[in-house]
Amino acid sequence: MSSGIGANIRRERDRLGWSQARLAREVCRAAGVVGEPVGRQEVSRWETGKRTPREWLPFLAAALAVPVEVLTTPQTAAEPPLPTLADFLPTEDPLAPLSVRTGGRVGIGQVTDMQQRVHGLRLADDVLAGGDLMRPALRELRKAVRIFREHSYTETTGRQLLVQIGELAQIAGWIASDAGQHAEAERIYRLGLSAATQAEDRTLAGNLAGSLAYQLSNTGRELEGLDLARAALDGAGPDAPAKARALYFDRVAWAATKAGGTENAQHAMRALGEASDALNAGSGEDEPAYLYWVDAGELQVMESRVYTELRRPLRAVPLLREVLGKYDATHTRELALYLSWLAVAYADANEPEEAAAVAERVLSLSADVASERTAERVRVVLARLAEYADVPEVRAVLDAAA
């Protein structure tokens, strides 16, 4: 009986647009039980086939408003279903509140204070590297999780706590990834995805998933990154804020580019166009604060990076020069990163002297930046320049780096 039940449950849940946590609550309500003996993890086990609902099956059908037979009858799929965000949640719930909560009561004022500290970390990340921010970011995240698990609060405050944990996890994961702590970053991102999903904040869940997809695409897990980037876009839905959809399309474009192949390259180009369309369609209202940095300039940066990766320097160079000409020089890490793509694009255009001049700036800017992303880009630039080692300007840069 269990072979197709999981897929059927997932299909019907997706039809209603419910999260796994929402379905768990509805099952308990249909069963008329007090508390929540069924949680998100149990629904996840049902959907993945690790457990069979058995006695919960009638209540599942009632919650989903379908006959039991709809859940028990195997469905013949034309092709395997694409992954959804639920497939990337932690197996167990790292946010499960303690049965006995020893902390005091938390009010909305404390959540507001937490929100301000989270935004402070984001602003700090604009000018500081991951190696400088790892400790304070992790300290804030651990504190937020401890408050959620050990204290009491109203349902509304609890949801806001989950949202702040999700936002904290996104910036803490980004910081950890920038510092080269990729396993830690993935764990943090998945924790945040759990928090955002439980809070039923689809936009935040998409941001977390897209951030993790970006890391996977850059660390040798390109196909996983593409699956997750697509799931982030689909999970957020067509009604997500304009900046959010633009960002998710950008993540898809990058993941498709890194995955390689002609079909993925075409997919990347389409996604870039859809990102621009999404941003232009927005009114600027109801945009989450954490998307303050998403604008036309950032989309141009991603477009130029995609062109560079696809070895199309005639398109990449003008875009990068335009963006870098007005970029804030106080954002040293980003400036070094974007210049690194310009250096590679010049090399691809058979302009080694120009590439060497830009590479020299990259080396100078990145010298005191505690960022593994920047260090990796320096290695990429030097490897590309090595093909022109007989050019005097290039030779001087290579010797200085050595």
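**Salt bridges, pair by pair**

A: R13 is buried, as its relative accessible area is 4% and the cut-off for buried is under 20%. This value, like the others here, is computed from a predicted model. The side chain of R13 meets that of D14 in a salt bridge, with 3.9 Å from N to O. D14 has a relative accessible area of 38%, so D14 counts as partly exposed.

Side chains of opposite charge can pair when their charged atoms come close.

A second salt bridge is formed by the side chains of E309 and K258, at 3.8 Å from N to O. This pair links distant parts of the chain, the two residues being 51 residues apart. E309 belongs to helix α14 (residues 296–309), while K258 belongs to helix α12 (residues 242–259). E309 is partly exposed because its relative accessible area is 30%. K258 is also partly exposed, with 27% relative accessibility.

E322 has 41% relative accessibility and so counts as partly exposed. K326 has a relative accessible area of 60%, which means that K326 is exposed, the cut-off for exposed being over 50%.

Salt bridges can also be linked to one another. A network of them connects D125, D178, R333, E334 and R373. Over the whole structure, a search finds 28 salt bridges.

E351, E353, E354 and E393 gather on the surface in a patch of negative charge. One of them, E353, lies in helix α17 (residues 352–366). E353 counts as partly exposed because its relative accessibility is 40%.

As for the setting of these pairs, the protein has 19 helices and zero strands. Its radius of gyration is 23 Å, close to the 21 Å that the globule rule gives for 402 residues, so the protein is as compact as a globular protein of that length. Along the principal axes, the C-alpha atoms fill a box of roughly 80 × 55 × 40 Å.

Technical notes
Residues numbered from 1 in each chain as written. Predicted model: local features only at pLDDT ≥ 70, side-chain atom pairs only at ≥ 80, totals over all residues. Heavy atoms only, no water. Patch = residues over 30% accessible without salt bridge, like charges linked within 9 Å, V, L, I, M, F, W, Y side chains within 5 Å. Areas by Shrake-Rupley, 256 points an atom, 1.4 Å probe, with all protein chains shown as cover. Salt bridge = Lys/Arg side-chain N within 4 Å of Asp/Glu carboxyl O. Lys, Arg positive; Asp, Glu negative; His and termini not counted. Charge placed at Lys NZ, Arg CZ, Asp CG, Glu CD. Helix = DSSP H or I, 4+ residues; strand = E, 2+ residues; numbered from the N terminus. Buried < 20%, exposed > 50% of the residue type's maximum accessible area, 1.4 Å probe, protein only. Rg over C-alpha atoms; globule rule 2.2 N^0.38 Å.
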